[in-house]
Amino acid sequence: MSPPTAHSGSSGQGLEELLEELRRRKWVLHLFGGREAPEIYAAVHRWPTCADVIILRDEHRASAYRVPTFPGTDVFSPRVVTWQYHATPVWTLRAVLTLAEPGTPGAPLQALRPQPDCRIPPELRHDVTIRPTGTHREGSGEGEGTDGGGPPACA
């Protein structure tokens, strides 16, 4: 897969600006299928009891979802999600970046069955590269999404 293009859609922020916002918020980038030519790009932002996940499949298809996390939760193969969105990369990034923080008014709480696009197939997960998208000191948690005071919980 080639990287998603910088097409901005009809108005507002384009893909490059939205990806830069992910970096600023310290999401962790996962490249599935090899570093040189990844087949799927994904990013994860961890909260204390959940994670927000974005999966970019190509320039036309992307998914985002919030998954409750418990010990052993596989965020790339969730059994339940509390929110999901499937559209183009630009619209999907816009949606997840405007999602209410866990524990705040408007944050999703309903348990939903995830759509198939909320999963990364096991056959693509053998060759993964993980890079923090923000700037970190070594040992700082690689983009765990904490800011000292800690964000609110998902429930």
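## A buried arginine and its partner

Arg57 has a relative accessible area of 11% and therefore counts as buried, since the limit for that label is under 20%. Keep in mind as you look around that this is a predicted model. Which residue forms a salt bridge with Arg57? The partner is Asp117, and the closest N and O atoms of the two are 3.8 Å apart. This pair connects distant parts of the chain: Asp117 sits in the loop between helix 2 (89–97) and strand 6 (128–132), while Arg57 sits in the loop between strand 3 and strand 4, 60 residues apart. Asp117 is partly exposed, at 31% relative accessibility.

Glu21 is buried, at a relative accessible area of 17%, whereas Arg25 is partly exposed, at 33%. As a general idea, side chains of opposite charge can pair when their charged atoms come close.

## A bridge between two strands

Now find Arg66 and Asp52, which form a salt bridge whose closest N and O atoms are 2.6 Å apart. Arg66 belongs to strand 4 (residues 62–68) and Asp52 to strand 3 (residues 50–56), so this pair ties together parts that are 14 residues apart in sequence. Are these two residues buried or exposed? Arg66 is buried, at 2% relative accessibility, and Asp52 is buried too, at 3%. Counting through the whole model gives 7 salt bridges.

In soluble globular proteins, nonpolar side chains tend to be buried together. Here the largest nonpolar core has 19 residues, and the members that touch the most others are Leu22, Trp27, Ile54, Trp83, Leu93, Val96 and Leu97. At least two residues of this core come from each of helix 1 (15–24), strand 1 (28–32), strand 2 (40–46), strand 3, strand 4 and helix 2. Which element gives the most to this core? That is helix 2, with 5 residues. Another core lies apart from this one; it has 15 residues, including Val44, Val53, Val67 and Cys118.

If we set aside its neighbours within four places in sequence, Leu97 is in contact with Leu18, Glu21, Leu22, Arg25 and Trp27.

Technical notes:
Residues are numbered from 1 along each chain as its sequence is written. This is a predicted model: local features need pLDDT of at least 70, side-chain atom pairs count only at pLDDT 80 or more; totals for chains, interfaces and linings use all residues. Side-chain values use heavy atoms; hydrogens and water are left out. A salt bridge is a side-chain nitrogen of Lys or Arg within 4 Å of a carboxyl oxygen of Asp or Glu. Buried means under 20% relative accessible area, exposed over 50%, partly exposed in between (1.4 Å probe, protein chains only). Helices (H or I, at least four residues) and strands (E, at least two) are DSSP runs, numbered from the N terminus. A nonpolar core is a set of buried Ala, Val, Leu, Ile, Met, Phe, Trp, Tyr and Cys residues joined through side-chain atoms within 4.5 Å. Contact means heavy atoms within 4.5 Å.
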